[in-house]
Structures are given as structure tokens and as C-alpha cells.
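Q: I'm new to this one. Can you walk me through it, piece by piece?

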Amino acid sequence: MFSLWKKQNGLCLVCKQRITEQTKWHKHHTIWKVDGGRDTLDNLVLLHPNCHRQVHSLKLKVKKPDSERGL
């Protein structure tokens, strides 16, 4: 998970605040598993637990940073 954290500059992709041991984190599938998303690093991002719940309850999409997708 450190590689995901590093690629995201240690930030949650929803609220843009720092992810730390104190804030905790959840792995989120950018392509949801119910839609065929896989458990691979290119399909995962780290979010704060509350941000992760909001993404699912509001059915929001989360994009990986451009640098992480190789753009």
C-alpha cells in the first residue's frame, strides 16, 4: 500500500487531506468490483474511511492521478 500512498503524494483523492496512520485509510477500486474491477494496484486508490463511505453512498467516481496512469 505504500506505493499507492506515495503515488498519491500521501493525500486522499476525495478530500485532498493527508492520509496518515492516525487518519487510517481504505482501499478503493476505481472500477468497482461489482462492475468487474480487479484487485490490482492499477485499479486501487487509498481514501480516508469516511471519504470512502461517501464515494459509495453518493456513487461518486474517483480518478487516479495522471502521473499514476502514466500520462
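Q: Where in the protein chain is confidence lowest, and where is it highest?
A: This is a predicted model. Confidence is lowest in H1, with a mean of 94. Strand S2, residues 44-47, is highest, at 98.

Q: And what does the protein chain average?
A: The average pLDDT is 92. Of the residues, 93% score at least 70.

Q: OK, aromatics. How many aromatic pairs does a search of the whole structure find?
A: One aromatic pair turns up. Phe-2 and Trp-5 form it, and the pair is stacked. The rings are 5.7 Å apart, centre to centre. Their planes are 25 degrees apart.

Q: Why does that count as stacked?
A: Because planes under 30 degrees apart count as stacked. The angle for Phe-2 and Trp-5 is 25 degrees.

Q: Where do Phe-2 and Trp-5 lie?
A: Both are in helix H1, which covers residues 2-7. They are three residues apart, about one turn of the helix.

Q: What does that spacing do in a helix?
A: An α-helix has 3.6 residues a turn, so residues three or four places apart point the same way.

Q: Is Phe-2 buried or exposed?
A: Phe-2 counts as exposed, because its relative accessibility is 56%. Trp-5 has 26%, so it counts as partly exposed.

Q: Switching to Trp-32. What lies over its face?
A: Lys-61 does. It is 5.6 Å from the ring centre of Trp-32.

Q: What else touches Trp-32? Start with Leu-60.
A: Leu-60 is in contact with Trp-32, and also with Gln-54 and Val-55. That leaves aside its neighbours within four places in sequence.

Q: Where is Leu-60, then?
A: Leu-60 lies in the segment after helix H2, which is residues 49-57. Its relative accessibility is 37%, so Leu-60 counts as partly exposed. From Gln-8 it is 52 residues apart in sequence and 18 Å apart in space, C-alpha to C-alpha.

Q: Now H2 itself. Which residues of H2 are buried?
A: Pro-49, Cys-51, His-52 and Val-55. Seen down the axis of H2, they fall within an arc of 160 degrees, so they line one face of the helix.

Q: What covers the buried residues of H2?
A: The cover includes S1 and S2.

Q: What's in S1? I noticed a histidine.
A: That is His-29, in strand S1, residues 26-29. His-29 counts as buried because its relative accessibility is 16%.

Q: What does the side chain of His-29 make a polar contact with?
A: With the side chain of Asp-39, at 2.5 Å. Setting aside neighbours within four places in sequence, His-29 is in contact with Arg-38, Asp-39, Asn-43 and Leu-44.

Q: How many residues apart in sequence are Thr-40 and Ile-19?
A: They are 21 residues apart in sequence. In space the two are 20 Å apart, C-alpha to C-alpha.

Q: Is Lys-59 buried or exposed?
A: Lys-59 counts as exposed, because its relative accessibility is 65%.

Q: Last stop, Pro-65. Where is its place?
A: Pro-65 is in the segment after H2.

Q: What does Pro-65 touch?
A: Lys-7, Gln-8 and Leu-13, not counting residues up to four places away in sequence. Lys-7 belongs to the 2-7 range of H1.

Q: How many residues apart in sequence are Pro-65 and Trp-32?
A: They are 33 residues apart in sequence, and 17 Å apart in space, C-alpha to C-alpha.

Notes:
Residues numbered from 1 in each chain as written. Predicted model: local features only at pLDDT ≥ 70, side-chain atom pairs only at ≥ 80, totals over all residues. Heavy atoms only, no water. Phe/Tyr/Trp six-rings, centres within 6.5 Å; stacked < 30°, edge-to-face > 60°. Helix = DSSP H or I, 4+ residues; strand = E, 2+ residues; numbered from the N terminus. Buried < 20%, exposed > 50% of the residue type's maximum accessible area, 1.4 Å probe, protein only. Lys NZ or Arg CZ within 6 Å of the ring centre and 35° of its normal. pLDDT = per-residue confidence, 0-100. Polar contact = N/O pair within 3.5 Å; in protein donor to acceptor, adjacent residues only side chain to side chain. Contact = heavy atoms within 4.5 Å. Arc of directions from axis to C-beta.
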